[in-house]
Amino acid sequence: MSCIIKTESEIAKIRTSGKLAAEVLEMIKEHLQPKISTEDINKICHDYIVYKQKAIPACLGYHGFPKSICISINDVVCHGIPNKNQIFKEGDIVNIDVAVMKNNYYGDVSKMFFIGKTSLLSKRLCQIAQESLYLSLKTVKPGIPLYKVGRIIQNYVEKHNFSVVKEYCGHGIGRDFHEEPHVLHYQNKENNIILEKGMIFTIEPMINSGNSQVECMKDGWTVKTKDHSLSAQYEHTVLVTEYGCEILTWQKDENISRKLVNTN
Ligand code: MF3
Ligand code: CO
């Protein structure tokens with residue numbers, strides 16, 4: 001486990017891993033079409049990570065997870081297992097969650113994709129989830145307590161009548177996939193560690209269109225909304241910088257800068 005404050009050389013390595021993870025999402029976009037299976041998508045990502053990036057897919061074998069990425073469709077909240085019998089169909093909303101290890105350091109990212117035309121509700125849910133992440137990124141800087149991140153996400157999501165999943169949180173990341181601190185996506189004043197330059201963690205809110213309750217399926221991984229409502233998640237790996245933060249898993253098509261100065 002690396003220290004909660006990363007050294008310059010660790011930061012450089014996590015920046016590389018973050019960039020690779022983001023590039024997998026950029027690469028896979030064009031393959032996400034009706035009729036392709038989640039297993040096919042897993043294979044394309046696996047081969048890209050292993051043979052092109054010469055990196056290691058971090059999910060594969062993690063506590064026994066059987067595939068290289070997580071694919072979570074519609075009412076699946078997270079940790080969906082790719083499967084050859086699961087076929088994308090028009091209207092699906094899909095989270096692809098990619099974590100890679102390169103030079104012994106991890107990067108972790110996820111985002112939503114739309115299969116063909118999707119409902120207004122789906123689009124709105126994904127938009128609010130992404131905006132909640134962006135709003136939280138715009139507050140990250142040295143000196144603020146970590147619970148501010150959760151408070152901003154929860155307030156924004158609930159204002160739009162959606163709900164925040166409480167069971168899963170963001171995490172420190174570095175030499176280990178999951179490190180301290182826990183990054184809650186809701187307000188909890190006990191989450192009072194103060195951010196410092198050099199910390200690296202993920203923020204990865206999961207947002208439901210119905211209530212916040214979730215349940216894990218018998219496969220031991222797939223998490224669904226209890227009320228079968230839709231769920232959306234966006235995730236970034238973030239470095240706290242002197243005056244704000246740097247999004248280590250930033251992608252070219254994003255509506256936010258890679259480096260944020262948050263001086264307000
Ligand atoms: N990427 C997920 C996270 O943010 C990890 C899922 S663990 C897996 O923590 F084994 F399901 F891949
Ligand atoms: Co994560």
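Visitor: Is W221 buried or exposed?
Guide: This is a predicted model, and the class is computed from it. Buried requires a relative accessible area under 20%. For W221 the relative accessible area is 18%, so the residue counts as buried.

Visitor: Which parts of the chain hold F65 and W221?
Guide: The ring centres of F65 and W221 lie 5.0 Å apart with the planes at 90 degrees, so this pair is edge-to-face. F65, with a relative accessible area of 3%, is buried. The pair ties together parts 156 residues apart in sequence: F65 is in the loop between β1 and β2, and W221 is in the loop between β11 (214–216) and β12 (223–225).

Visitor: How are the rings of Y62 and F177 arranged: stacked, tilted or edge-to-face?
Guide: The count of aromatic pairs comes to three. For Y62 and F177, the centres are 5.0 Å apart and the planes meet at 65 degrees. Planes over 60 degrees apart count as edge-to-face, so the Y62 and F177 pair is edge-to-face.

Visitor: How many residues apart are Y62 and F177?
Guide: Y62 sits in the loop between β1 (56–57) and β2 (70–73). F177 sits in the loop between β7 (170–172) and β8 (179–183).

Visitor: What is the relative accessible area of Y62, and what is that of F177?
Guide: Y62 is partly exposed, whereas F177 is buried. The relative accessible area is 27% for Y62 and 8% for F177.

Visitor: Which residues is Q53 in contact with, leaving aside its neighbours within four places in sequence?
Guide: Q53 lies in the loop between α2 (38–52) and β1. Its relative accessible area is 6%, so Q53 is buried. With those sequence neighbours set aside, its contacts are L20, E23, V24, Y48, V100 and K102.

Visitor: How far apart in space are K43 and S68?
Guide: K43 is found in helix α2 and is partly exposed, with a relative accessible area of 47%. K43 and S68 are 25 residues apart in sequence. From C-alpha to C-alpha, the distance between K43 and S68 is 8.0 Å.

Visitor: Which residues lie closest to the centre of the largest pocket?
Guide: The largest pocket has a volume of about 440 Å³. Its lining comprises 24 residues, and those closest to the centre are Y62, H79, H171, F177 and H178.

Visitor: Which element supplies the largest share of the lining of the largest pocket?
Guide: By class, this lining has eleven nonpolar, seven polar and six charged residues. The elements that give two or more residues to the lining of the largest pocket are β7 and β8. The largest share is four residues, and it comes from β8.

Visitor: Which element gives the largest share of the lining of the second largest pocket?
Guide: The second largest pocket has a volume of about 280 Å³. It is lined by 15 residues, with K111, M112, Q130, Y234 and D253 closest to its centre. β5 (105–114) and α3 (120–137) each supply at least two lining residues. The largest share, six residues, comes from α3.

Visitor: Which elements give two or more residues to the lining of the largest cavity?
Guide: The structure holds one cavity of 30 Å³ or more, and the space in the largest cavity is about 60 Å³. Its lining includes V109, S110, K111, Q130, L133 and Y134. By class, the lining has four nonpolar, four polar and three charged residues. The elements that give two or more residues to it are β5 and α3.

Technical notes: Residues are numbered from 1 along each chain as its sequence is written. Chains are lettered from A and ligands numbered from 1 in the order in which they are written. This is a predicted model: local features need pLDDT of at least 70, side-chain atom pairs count only at pLDDT 80 or more; totals for chains, interfaces and linings use all residues. Side-chain values use heavy atoms; hydrogens and water are left out. Rings of Phe, Tyr and Trp (its six-membered ring) pair if their centres lie within 6.5 Å; planes under 30 degrees apart count as stacked, over 60 as edge-to-face and the rest as tilted. Buried means under 20% relative accessible area, exposed over 50%, partly exposed in between (1.4 Å probe, protein chains only). Contact means heavy atoms within 4.5 Å. On a 1 Å grid over the protein atoms alone, a cavity is a set of points where a 1.4 Å probe fits but cannot get out, and a pocket is an open set with protein on both sides within 12 Å along at least five of seven lines; lining residues have an atom within 4 Å of a point. Grid points are joined across faces, edges and corners, and a volume is the space filled by probe spheres set on the points. Ala, Val, Leu, Ile, Met, Phe, Trp, Tyr, Cys and Pro count as nonpolar, Asp, Glu, Lys and Arg as charged, and the others, Gly among them, as polar.
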